[in-house]
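Please keep the structure open while reading.

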Amino acid sequence: MTLTKLQEAEVCWHAAPVEQAAALAGDLERGLSDEEATRRRAEFGLNVIERRSGDSPLRVLWRQIDNPLIWVLIASSAIAIALGKVGDGLVVMAVVVLNTLIGFVQEYRAGKAIEALSAMVPENATVTRDGRQRVMPVAELVPGDVVAIAAGDKVPADVRLVQARNLNTDEAALTGESTPVSKTVDPVGKDAEIGDRLCLAFSGTLVTSGAAVGVVVATGYRTELGRISSLLEESTDLQTPLTRALAQIGKVITIAIGILAVAMLAVGMARAVSQGSTLFDAFRDSLLFAIALAVGAIPEGLPAIVTIALAIGVQRMAARRAIIRKLPAVETLGSTSVICSDKTGTLTRNEMTVTAAWTDGVEYALTGVGYRPEGHVELAGKRLDSPPEVLTRLLLHAALCSDATLREEDGAWHITGDPTEGALVAGAEKVGLRVDDERRAWARVDSIPFESENQYMATLHRRSGRDDVLVMKGAPEVVLQHCAIAPEDREKVLSRVEGMAGQGLRMLAVASRHANGAGAIHESSLWGLQFDGVVGMIDPPRPEAIAAVETCRRAGIEVKMITGDHRATAEAIGAQLGLATAGRAVTGAELQRTTDDDLRRVANETRVFARVAPEHKLRLVRALQAEEHVVAMTGDGVNDAPALSQANIGVAMGITGTSVSKESSDMVLTDDNFATIAAAVEEGRRVYDNLIKSLAFVLPTNLGLALILTCAVAFFPFDADTSRLLIPMQPIQLLWINLVAAVALALPLAFEHKEPDVMDRPPRSPREPVLSRFVLARTVLVAVMMASAALALFLWEYNTALAAGVALDDALAKAQTMAVTTVTMFQIFYLFNCRSLRDSVLRIGLFSNPVVYLGVGTVLLLHMAFVYAPVMNRVFGTTPITVTDLGFATLVSMVVLPVISLEKWWRGRSRARATAAA
Ligand code: ATP
C-alpha cells in the first residue's frame, strides 16, 4: 500500500498488525531512503509542536499593576486630582503607566528569552535510514521512519512498535497517569482507549525502562500530543527566592511608609493649624506631603531591575553553554557549596582508547589514539605482526557485544553510540578484524542492553555452520561472577584488574560460551561463562576540568567525583584532577552499608565515590543537604532523575544525557563539560553581586527622599505670607528622581562585570538576608549624606534668592530645582561607588562597563531638559539655575566619592582582621 493510501485510510495503528507498520517503512532493516524521507517531509512537514507561552500578555500586564506600590501611587494620584491638583495627579498617573509599560516589556521579553532557551537543548532521535543508524534532530522525523528508543529517551513521535524488550513508558504527559505502562508489539482492539493502546509509544512520553524499535506513524500535530497541544503550556516562572524576598520587602516598606505618611499628616496638620491655617487647608497641604513621601520613598523601579538582572544572567550563562531551565537556579548557583560530578565525559574527555588487554596471563599493549582504527599490538615493547588468537577472540567478542559504529568524516574518526564501545570496536580493528563484516557474519539474535545498575551487557550470536555464542562484557567483578572459574584464578584476575585500574585505566571484562539452541537470552542464561580476558582503556581528564576544580577550591566549593567506574581507576583519575582524597575512594557497596547518620560524615569527607549506582546518588545528595550544603549534582541516565530533582541544582548533560534527566534538571550543559558548571557558578555569583549593587544604589535614594520630606515637615519654617510650609521637593519632582534617574542609573549595574575576587570567596550562605547588614548600613549612611546635601543647598539657594530680591514663588522653584539637581548629581557620583561592592572603581576599571556611561549620559541630558526646557519647567515646576549653582551642586555631591571609598577601605580592613582571627 502506498503511503498516501495508508494515510487516507486513517489507519487505526493500534489495531493494525506489525506487517502494516513495516509496510509504511518499506524495509525495516534499511529504513527509508533519504530521498523518500525528503519527499515525506515535504508532504507532512516538520515533526514539531509549537508550545504556547503559559503567561498571556494580559496576565503579565496585570502582574505589573497588581503590586501594592502601584496601588499606593494610583490612590495618591486620585487623591491629588480630587484635591484640585489635577496636574500633579496626571503626572503621577503618567508615571504609573510608564512604569507599568517598562515592567511589562521587560518581563515579557525576559519570559520569551527563557522560553527560547529550552529550544537550545538539543532533542535527537536514533533513526535507521538507508540501512544506517544515525542520530538526527527529532524535528526531521517523517512517517515511516524506523526509530530505536531506549530507557531515558523521550518518544520522538507516535510510533507503532515492531520489536519491544521490557519497554515501559511514562505517559503522564498525555494521560496524566504516571505509573509506567508496559508496552508490547501485539495489536489491540479498535476501540481501545489511549492508555490501552499498548503497541503504540506516544510522542512526548518517556521511556522508563527497556528498549524498542518502531515505525513512526504520526508526526507533529498529527500525534496524540499534537492533538491536545492547545493544552500544552510552557510556563516560565519568573519568580525566584530573591524576587519573592524583594516582594516581601516591598510590602514592609509600603506599610512603614504608610505609617510614616499618617504621622506626617498629623504633624504637618498640627503645625499648620498652630500657624493659623484652616483645618481644610492644613489637611490638603499635609496630604500632599504624605503623597510625596509615598511617591518618593517607594522603590518602584526595583522589580524591573531584578527581572532584567536575572534575564541578563540567564543569557550570559547560555552563551557560556549552561542553559538554565528554572530561573531560581541563577541565584542558587551563587550559593552552591558542593558540586557532585560524574566522571566520564564531564571531568574526562570521554574519548576512550583501548591501550591494554590482558588475556591468558599475558598483557598486550595497543597503539594508536582515538577512534582511528589503525594501530598495532605490542608485547613487552615489541611489535607483534600477527596478534595471538586469544587476543583476537577477546576483541572480537568485545566488538560483537557492542552497538557503537565508527565512521570517517573529513579525515577524522567519529563514533555513533557509547564511547566505551567505540573504543572496543576501534581496538578490534587494530588487531586486524573488520568489525562490520564480523557483525554480519555473527548475526545478533538477542541482547540484554547495558544499564548502569547492572554494569554488564550480553548478546547472543548465530553464524551458519558454527555454534551459537553468548557473549557478556562489563565490569570485571560482575562478569567474573558469571564465569566458571576457580577461586584462585578469579583472585589473580581481580588483582591484575586492580593494578591496571590503578594507572587510571577503565577496565572491562569479556566472557563467552557456546549456547546452541538458546534463541533468546535472559539473566538466568548468564552462567558458566568462559573468561576471555580484560581490556583497559584510557579516558584522560579534560585539561579545563583540572583548572575548574582548582577554581572551585579557591571559591570554597567542594568538588566530588561520582563514578560507576572501578575504585582504583576513580582514585587515579581523581588524583590527576587534583581531587586528592584523604584516604581512599568510597564505593557504592560501602555506601550501602553506611547508616544515614554516618553517611553525612562520609559524604562530607570523601571526594571520590566509585562503583556508584544511581540510587546512591540520591542518598548522597540528601546527606550533603543535611550537612547544610547547597548541592549541584550532575546526571545523565534515566535513573539519575530522582537525584537531579533532589539536588539544589540538578545538572543534565545536553549531548549524552537522556531526555528524562534533562526534564528533571534545573540546568543543562550543552557541552557536557564540568568547567561549564564552574562558569555558571561564577555567573550566578556575578548576578547576585549586581543585584546587591542595585539595591545598595536604589534604596539610599528612597530613604534619602523620605528623610528630606520628614525633616521639612518636622522642622522647616512656615512662610509668613502664605502660612504654607516650605517644601524642598514637589511630589512629581520626587517621582522624577525615583523613576527616571534612579532606574536609568541602576540598570547599568546589571551589566557590571564580575568582581575580581568573585571566585576567591566562600559561597554566599542561602540564609543570608537580602537586606544584609551591609546594605542597611550603606543605605543609612548614603541617605543621610544625600538628604543633608539637598536640604542644605535648598535652604542656601532659597535664602540667597530671597536676599537678592527674587519673588517668593520663583525663589522656591529655584531652590527646589537646586535640591533635585543635588540629588541627581549625588546619584551619579554614588553610582561609581556602587560599581564594585568591595573594590575601588579605579581598580575594577573606570571604563570596564560602558553601559554606565550610557546611563549617566541619558540622565544628564534628561536632567538638563528638566532644568532648562520650558515644557519641563511647566510640568515639573522647575526653573533654570545658573551654571555656578550647577557647579556648586556638583562639587557638594562629589563628597560621596571619598566617603564611600573610606567605608570600603574600613570594611576591607575589618574583613581582613576577621579572616586573620579565624
Ligand atoms: P560516570 O559517567 O558516572 O562517571 P561511568 O560512565 O564510568 O560513570 P557507568 O557507565 O555506570 O559508569 O559504568 C560502570 C561500569 O560498567 C564501567 O566501569 C564498566 O566496567 C561497565 N560498562 C560501562 N559501559 C559499558 C558498556 N557499554 N557495556 C558493558 N559494560 C560497560
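What follows treats these topics in turn, for a model that is predicted.

A search of the whole structure returns zero disulfides. For Cys401 the reason lies in distance, because the closest cysteine sulfur, that of Cys483, is 13 Å from its own sulfur, too far for a bond, where a disulfide would require the two sulfur atoms to be within 2.5 Å. Cys401 is buried, with a relative accessible area of 0%, whereas Cys711 is partly exposed, at 27%.

The second largest pocket holds about 970 Å³ of space, and it is lined by 25 residues, with Arg761, Glu768, Phe774, Arg838 and Arg911 the closest to its centre. Two or more lining residues come from each of helix 25 (674–715), helix 27 (773–803) and helix 33 (896–917), and helix 33 gives the largest share, five residues. By residue class, the lining of this pocket comprises 13 charged, eight nonpolar and four polar residues.

Ten aromatic pairs are present in the structure. One of them, Phe832 with Tyr853, is tilted, at 5.8 Å centre to centre and 55° between the planes; Phe832 belongs to helix 28 (residues 808–834) and Tyr853 to helix 30 (residues 850–868), so the pair ties together parts that are 21 residues apart in sequence. Phe832 is buried, with a relative accessible area of 14%, while Tyr853 is partly exposed, at 30%. Phe716, Phe794 and Tyr798 form one aromatic cluster.

Terms used: Residues are numbered from 1 along each chain as its sequence is written. This is a predicted model: local features need pLDDT of at least 70, side-chain atom pairs count only at pLDDT 80 or more; totals for chains, interfaces and linings use all residues. Side-chain values use heavy atoms; hydrogens and water are left out. Buried means under 20% relative accessible area, exposed over 50%, partly exposed in between (1.4 Å probe, protein chains only). On a 1 Å grid over the protein atoms alone, a cavity is a set of points where a 1.4 Å probe fits but cannot get out, and a pocket is an open set with protein on both sides within 12 Å along at least five of seven lines; lining residues have an atom within 4 Å of a point. Grid points are joined across faces, edges and corners, and a volume is the space filled by probe spheres set on the points. Helices (H or I, at least four residues) and strands (E, at least two) are DSSP runs, numbered from the N terminus. Ala, Val, Leu, Ile, Met, Phe, Trp, Tyr, Cys and Pro count as nonpolar, Asp, Glu, Lys and Arg as charged, and the others, Gly among them, as polar. Rings of Phe, Tyr and Trp (its six-membered ring) pair if their centres lie within 6.5 Å; planes under 30 degrees apart count as stacked, over 60 as edge-to-face and the rest as tilted.
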